[in-house]
Amino acid sequence: MKIQSFLLTADHISTWAGKAAAWLVMILMMVVCVEVFKRYIMNMPTAWIFDITNMLYGTLFMMCGAYTLAQDAHVRGDFLYGSMKPRTQATLDLILYILFFLPGMMALIYAGYDYASISWHINEHSNVSSNGPAVYPFKTIIPIAGVLVLIQGIAEIMRCIVCLKTGVWPDRLKDAEEIDVIEQQLAGSTLVDDESRKRAIEGAHEIDEAAHQRIGSRGAERE
């Protein structure tokens, strides 16, 4: 129970960080819209807009890494992995985490901290444009994102160990999926009768289940 509590706590931290960073999409969209209006309607382009959009997108990309790992959503070539049994999957994952993930993330955190500290020390600003904005806050995101991914990675390593012992992947915190959105939209619709709504939801569940089976769901049923 203590292990499962730690795993879910790590999932919560990663999910919170990912959802908080997701608001940067709205900010990025507004910045781009304002700049398009200024550039093409008012003929008043902003010199440092590239720097701002680049930093916003980079922050979003880095801060969502731990969230993606928590949701087991990173891209993998799973045409073989998906057909393996849970213990085989856990063995492969554990080897890769130890050989590549841990050294890589520790190197990222170390280099990122050094990178950020130098940037703060010299009060670094962007040289892409004149009077470019400060970049040291952006570079500080590198070690922060690295620590978040490392914490989630440790949780994933513990999941592998639990799976090796029990033969079943431990539960992870599930975020909203497309199937949840479908159910919510149909539940609030006044244009669909009850029977059609029921059939649509059942069909969506069948498609979702088939997709999970096709990619090799991490369940005990394959054990």
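**Notes on the predicted model**

1. The structure holds five salt bridges, a salt bridge being a side-chain nitrogen of Lys or Arg within 4 Å of a carboxyl oxygen of Asp or Glu. This is a predicted model, in which local features need pLDDT of at least 70, side-chain atom pairs count only at pLDDT 80 or more, and totals for chains, interfaces and linings use all residues. Residues are numbered from 1 along each chain as its sequence is written, and side-chain values use heavy atoms, with hydrogens and water left out.

2. One of the salt bridges joins arginine 39 to glutamate 35, with 3.2 Å between the closest N and O atoms. Both residues belong to helix 1 and are four residues apart, about one turn of the helix. Helices here are DSSP runs (H or I, at least four residues), numbered from the N terminus. Arginine 39 is partly exposed, at 35% relative accessible area, whereas glutamate 35 is buried, at 7%. The cut-offs are under 20% relative accessible area for buried, over 50% for exposed, and in between for partly exposed (1.4 Å probe, protein chains only).

3. Lysine 139 forms a salt bridge with glutamate 124, and the closest N and O atoms are 2.7 Å apart. This pair links distant parts of the chain, 15 residues apart: lysine 139 is in helix 5, and glutamate 124 is in the loop between helix 4 and helix 5. Lysine 139 is buried, with a relative accessible area of 11%, while glutamate 124 is partly exposed, at 22%.

4. Glutamate 156 is in helix 5 and arginine 172 in the loop between helix 5 and helix 6 (178–187), so the pair links distant parts of the chain, 16 residues apart. Both residues are buried. Salt bridges that share partners join Asp11, Glu156, Arg159 and Arg172 into one network.

5. What surrounds aspartate 11, leaving aside neighbours within four places in sequence? Aspartate 11 is in contact with Ala70, Gln152, Arg159, Arg172 and Leu173, where contact means heavy atoms within 4.5 Å. Aspartate 11 lies in helix 1 and is buried, with a relative accessible area of 0%.

6. Three aromatic pairs are found in a search of the whole structure. Tyrosine 57 and phenylalanine 61 form a tilted pair, because their ring centres are 6.3 Å apart and their planes are at 35°. Rings of Phe, Tyr and Trp (its six-membered ring) pair if their centres lie within 6.5 Å; planes under 30 degrees apart count as stacked, over 60 as edge-to-face and the rest as tilted. The two residues are four apart in helix 2 (residues 49–63), and are therefore separated by about one helical turn. Tyrosine 57 is partly exposed at 48% relative accessibility, and phenylalanine 61 is exposed at 61%.

7. Tryptophan 120 and tyrosine 136 are also a tilted pair, with ring centres 4.5 Å apart and planes at 50°. Tryptophan 120 is in helix 4 and tyrosine 136 in helix 5, 16 residues apart, and the pair links distant parts of the chain. Tryptophan 120 is partly exposed, at 49%, but tyrosine 136 is buried, at 17%.

8. The largest nonpolar core has 26 residues, of which Met63, Tyr97, Phe101, Val149, Cys160 and Trp169 touch the most other members. Such a core is a set of buried Ala, Val, Leu, Ile, Met, Phe, Trp, Tyr and Cys residues joined through side-chain atoms within 4.5 Å. Helix 1 (2–40), helix 2, helix 3 (65–70), helix 4 and helix 5 each supply at least two residues, and helix 5 gives the largest share, eight residues. Leaving aside neighbours within four places in sequence, cysteine 160 is in contact with Ala90, Asp93, Leu94, Tyr97 and Trp169.

9. Proline 103 is placed in helix 4 (residues 86–121). Proline 103 is partly exposed, with a relative accessible area of 38%.
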